[in-house]
Every structure is written in C-alpha cells, then in structure tokens.
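Hi everyone, thanks for making time for this.

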Amino acid sequence: MEHRDSQRWFLFAVVLAVGGLLYVLSPILTPFVVSAFLAYLGDPLVDRLETLGLKRALAVTLVFLLILLLLLGLGLVLVPLLEDQISTLFAKMPGYIEWVRGSLVPWVQGKLGVESELQLVAKLQGLLAEHWDEAGGIASGILASVSRSGLTLLGWLANLVLIPVLTFYLLRDWDDIIADIHALLPRNIEPVVSGLARESDEMLGAFLRGQLTVMLALAVMYSAGLAFVGLDLALLIGMFAGLVSFVPYLGLILGILISAVAAVLQFQGWEQLPWVALV
C-alpha cells in the first residue's frame with residue numbers, strides 16, 4: 001500500500017513538474033505547437049500530391065505556399081473589416097444607450113409595471129453613457145496598438161518568422177519524424193502501438209479538418225445572412241458564432257442572442273428579429 005502511495009505521489013509530482021515547465025516555456029513552445037498543428041493538417045495533402053507523381057520537396061512547397069496565402073489572405077481581409085466593425089460599435093454605442101434609456105425602459109415599465117429594477121438599470125446606463133467615450137478611447141487605443149497596420153498583416157508575420165520556417169521543415173520531414181518515432185518502439189509492442197496510433201491519427205485528423213470546415217462554413221453563412229438582413233455588425237457576430245460552434249449549440253445560442261440584441265439596438269424595434277431568427 002505504501003509503495004502504491006509513493007508511486008502515486010511520484011507520478012503526481014512528475015505531472016506537476018512537467019505542467020509547470022510547460023507553463024514557463026509556453027512562450028517558447030507556442031511557435032512549435034502552431035507549426036506542428038499546421039504541418040499535421042497539411043501533411044495529408046502533401047502525401048496526396050506525392051501519389052500524383054510530385055516530388056516531396058515540390059509538394060511541400062506548394063502546400064506551404066497554399067497555407068501561407070490562405071492565412072495572409074484571411075488576415076488582410078478580415079482584420080481591417082473586423083477593426084472597422086468594432087470602431088462602428090464604439091461610435092454608435094452612445095446612441096444605443098440613449099435609445100434604451102429613453103424608449104425601451106419606459107416601454108418595459110408601462111407593459112410590466114417594473115420600476116425599481118429598471119431605475120437601477122437606467123442609472124447604470126447613465127453612468128455607462130457618461131464614461132463610454134473614455135472607454136471607447138481606451139479601447140480604440142488598445143486596438144490601434146494591437147493592429148496599428150491592420151492592412152499589412154505581413155509585417156506581423158515577419159515578426160513570427162519562426163512559425164513559417166518550422167512549418168516548412170516539419171512538412172518536409174514529417175514522414176521521416178514519424179518513421180523515427182516508429183523505429184524507437186520496442187518490437188514486442190510495435191504492432192499494437194502502431195495500430196492504435198494509426199486509428200487515432202485517422203480519427204483526429206478527420207475530426208480537426210471536419211470541425212474547421214464546419215466552423216468556416218457557419219461563419220460565412222452567419223455573416224452573409226446577417227449582412228443581408230442589414231446588421232452593421234454582421235461579420236463580427238458571424239465570425240464569433242462560427243468560431244465558438246465547436247461547442248455544440250453554443251454558437252447557435254450566442255449567435256441568436258447577440259444578433260437579436262444588436263438588431264433591436266440598431267433598428268430600435270423588433271421588426272428584424274424574425275429575419276435574424278431565420279438566419
């Protein structure tokens with residue numbers, strides 16, 4: 001019993017030490033993790049190009065350029081658009097707050113007879129309205145410092161030279177790395193471990209590629225639909241709802257709630273809510 005307890009404490013100490021070490025080294029390890037993730041996603045396409053007769057180096061170069069162009073394209077298009085929508089939100093928020101305080105709160109008071117709670121809400125709205133310009137200035141300053149040149153994401157990527165370099169070489173040597181790991185396995189357990197690793201790889205790869213495809217498709221559908229309805233923050237809400245859709249129903253619920261609130265504030269009424277719900 002004492003031997004088992006000592007083993008458990010030893011394993012706990014090892015896990016704690018490894019976790020602490022990973023936490024301390026996380027700034028250093030992050031580029032390697034990102035690069036390994038990109039290489040893992042791109043390796044099946046490289047293998048497919050190899051089966052078509054391309055050499056490994058050429059296939060890796062094509063896939064690497066495709067990944068880089070996709071990331072650059074998304075950044076160059078999305079970052080300025082999202083920044084513009086955030087600026088629009090801060091610019092229009094005082095008007096939204098004023099409409100809530102002057103129209104929505106009296107309407108709710110008249111319909112439901114609720115006064116004390118709404119008076120507190122009105123006071124909070126008044127305080128928020130008073131300090132919103134200051135908060136908006138701080139937020140705008142943060143946004144400006146984070147993405148001072150939103151149209152030139154290439155400059156940001158230039159500071160992360162390590163990720164593209166690591167991704168390229170991991171893509172090039174991925175099969176060799178897997179073969180080297182395979183060669184390190186003891187021969188008596190090699191068939192079982194290889195079979196389990198192969199099944200895990202197939203399931204994990206299919207899940208990641210499928211989940212990313214679903215998230216992208218939902219983000220495009222939500223953004224396009226809400227833009228068609230006329231919502232100013234369509235891209236911001238659609239992207240957010242699509243990205244959090246990896247949690248079942250979370251993207252749907254948050255998307256409906258946030259877009260409904262945005263529609264009521266923007267159009268100052270309930271007329272657009274059925275269209276939002278339809279999207």
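Before we start, a word on what I mean by an angle between helices: each axis is a line fitted to C-alpha atoms over the stretch in contact, and the angle runs from 0 to 180 degrees between N-to-C directions. Also, please keep in mind that this is a predicted model.

Okay, the first pair. How do α7 and α8 pack? Their axes are 7 Å apart, and the angle is about 155°. Anything over 145 degrees counts as roughly antiparallel, so α7 is roughly antiparallel to α8. As for handedness, the crossing of α7 past α8 is right-handed.

Who is touching whom here? On the α7 side we have Met-215, Leu-218, Ala-219, Tyr-222, Ser-223, Leu-226 and Ala-227. On the α8 side, the list includes Leu-235, Ile-237, Met-239 and Leu-243. Sort the residues of this contact by type, and you get twelve nonpolar, three polar and no charged.

From α8, the residues involved are Ile-237, Phe-240 and Ala-241. They meet Gly-251, Leu-254, Gly-255, Ile-258, Ser-259 and Ala-262 in α9. This contact divides into six nonpolar, three polar and no charged residues.

So what sits between those two helices in sequence? There's a loop between α8, which covers 234-243, and α9, which covers 250-267, and Phe-246 is in that loop. Which residues does Phe-246 touch, leaving aside its neighbours within four places in sequence? Those contacts are Gln-211 and Met-215.

Last stop: the second largest pocket, with about 610 Å³ of space in it. It is lined by 17 residues, and the closest to its centre are Trp-174, Ile-178, Ala-197, Arg-198 and Asp-201. Which elements give two or more residues to that lining? They are α2, α6 and α7. The largest share, eight residues, comes from α7. By type, the lining has eight nonpolar, three polar and six charged residues.

Definitions and conventions. Residues numbered from 1 in each chain as written. Predicted model: local features only at pLDDT ≥ 70, side-chain atom pairs only at ≥ 80, totals over all residues. Heavy atoms only, no water. Helix = DSSP H or I, 4+ residues; strand = E, 2+ residues; numbered from the N terminus. Contact = heavy atoms within 4.5 Å. 1 Å grid on protein atoms, 1.4 Å probe; cavity = no way out; pocket = protein on both sides within 12 Å on 5 of 7 lines; lining within 4 Å. Points joined across faces, edges and corners; volume = space filled by probe spheres on them. Nonpolar A, V, L, I, M, F, W, Y, C, P; charged D, E, K, R; others polar. Parallel < 35°, antiparallel > 145°, perpendicular 65-115°, else oblique. Left-handed = near helix turned anticlockwise from the far one by under 90°.
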